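The structure comes first, followed by the notes.

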Amino acid sequence: MKLLPFAALGLAAAISAPVALADDPVVIKFSHVVAENTPKGQMANRFKELVAEKTGGAVVVEVYPNSQLFGDDKVLEAMLLGDVQMAAPALSKFSRYTDVLALYDLPFLFQDLDAVDRFQQSEQGQAMLDSISRKGLIGLGYLHNGMKQLSSSKPLRTPEDAAGLKFRIMSSEVLEAQFKAVDAAPLKKPFSEVFTLLQTRAIDGQENTWSNIYSKKFFEVQPYITESNHGLLDYMVVTSKEFWMGLPDEQRAQVNAALREALDFGNQIARDKAIEDKGLIAESGRSEILELTPEQRAQWVEAMKPVWKKFEKEIGADLIDAAYAANTTDNQVASATDGQ
Ligand code: LMR
């Protein structure tokens, strides 16, 4: 049973006995922008189930997918106002809150999700979850979506092919610089508008993961997808300090345990879906998937590499070095130096 504070009851109630209310569950509104059949959509739904189980219904998660409640441009402000309690925006969408997360947008930084895991689990990777705490937000954990591909109305094989084309990007200056580096025109637009922008030819292309390209049907309005794996789309699960610290210790621990399990589940889905959804797009015949030759790929790397230098000060050279070093495992280092 909860007791309402006197101040909230008004004078009349305050002079009589305190009023007891039936125990309402704590509600966590979880807002996201993607479809349910994606790594984030599945993770959020699993989190809801696990929280119900672990708290015996004392905490209820309400999941709002497909930008139903908030787009990513508004969700963090809404969280600070208490209108939503959890979200998992792409790491590219935190630039108003911190500089360091821009690291994850650097083109060709990580070669695969194993490298991303190694970095995120390192001390430096974990410390980045705290980078938004001065703003009243808490990073609870990372979630993968996967490597981004380039889709377009024209075949993109070399950086010159992208020149003059309009690409939708997330709200990130690194991504803006990345497209400018190949003489393309980047436009920051919300995820919910991408399909229509592509369909009406207001833009020529966009970058996203296989699961987002599939679940939002971008492949139906983009005749070419270049398997570039040029960047990462990962998420940070966030909540507000006020909400999180306001939970009783036991409940916070239960919700946190549910989240750890849901993140493991979502990270596995991310790996599976990248393969499955690419296959479904290929099978559909709506979009041609272009593979880059090693020489073509090297041209994209070369064209986009200056972006790293441009953001080195803001992000930190040490952090960039540490992230890049995660592409090499200890075993590889050992064998590279063996016999020298
Ligand atoms: C995008 O805006 O393209 C992505 O951040 C959407 C998402 O959450 O995966």
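**Cavities, ligand and backbone**

Strand S10 (residues 224-240) gives the largest share of the lining of the second largest cavity, 3 residues. The model is predicted. In the whole structure, a search finds 2 cavities of 30 Å³ or more, and the ligand sits in the largest cavity.

**Second largest cavity**

- The volume of the second largest cavity is about 30 Å³.
- Its lining consists of Tyr104, Leu106, Leu109, Phe110, Met147, His230, Gly231 and Leu232.
- By class, the lining of the second largest cavity has 6 nonpolar residues, 2 polar residues and no charged residues. Gly is counted as polar and Tyr as nonpolar in this division.

**Largest cavity**

- The largest cavity holds about 70 Å³ of space. It is lined by 13 residues, of which Lys93, Met170, Phe191, Asn212 and Leu233 are the closest to its centre.
- The lining of the largest cavity divides into 7 nonpolar, 2 polar and 4 charged residues.
- The cavity search was run over the protein atoms alone, and the ligand is placed in the largest cavity.

**Ligand shell**

- Which residues are around the ligand? They are Val33, Val34, Lys40, Ala90, Lys93, Arg168, Met170, Phe191, Asn208, Asn212, Leu233 and Tyr235.
- The shell is made up of 7 nonpolar, 2 polar and 3 charged residues.
- Lys93, Met170, Phe191, Asn212 and Leu233 are among the residues around the ligand, and these five names are also those of the lining residues closest to the centre of the largest cavity.

**Polar contacts and cover of the ligand**

- In Lys40, a side-chain N or O atom is 2.7 Å from an oxygen atom of the ligand.
- In Arg168, a side-chain N or O atom is likewise 2.7 Å from a ligand oxygen atom.
- For Asn212, the distance from a polar side-chain atom to an oxygen atom of the ligand is 2.9 Å.
- How much of the accessible area of the ligand on its own does the protein cover? The protein covers 100% of that area, which is 270 Å².

- Most residues other than glycine have a negative phi.
- Ser67 has a positive phi, near 60 degrees, and is not a glycine. Ser67 is placed in the loop between strand S4 (59-64) and helix H3 (75-80).
- Phe108, also not a glycine, has a positive phi of about 55 degrees. The loop that holds Phe108 runs between strand S5 (86-87) and helix H4 (113-121).

Conventions
Residues are numbered from 1 along each chain as its sequence is written. This is a predicted model: local features need pLDDT of at least 70, side-chain atom pairs count only at pLDDT 80 or more; totals for chains, interfaces and linings use all residues. Side-chain values use heavy atoms; hydrogens and water are left out. A residue is near a molecule or strand if one of its heavy atoms lies within 4 Å of it. A polar contact is a pair of N or O atoms within 3.5 Å; within protein, one must be able to donate a hydrogen and the other to accept it, and residues adjacent in sequence count only if both atoms are side-chain atoms. Accessible areas come from the Shrake-Rupley method with a 1.4 Å probe; for residues, only the protein chains shown count as cover. On a 1 Å grid over the protein atoms alone, a cavity is a set of points where a 1.4 Å probe fits but cannot get out, and a pocket is an open set with protein on both sides within 12 Å along at least five of seven lines; lining residues have an atom within 4 Å of a point. A molecule sits in a cavity or pocket if more than half of its atoms lie within 2 Å of its grid points. Grid points are joined across faces, edges and corners, and a volume is the space filled by probe spheres set on the points. Helices (H or I, at least four residues) and strands (E, at least two) are DSSP runs, numbered from the N terminus.
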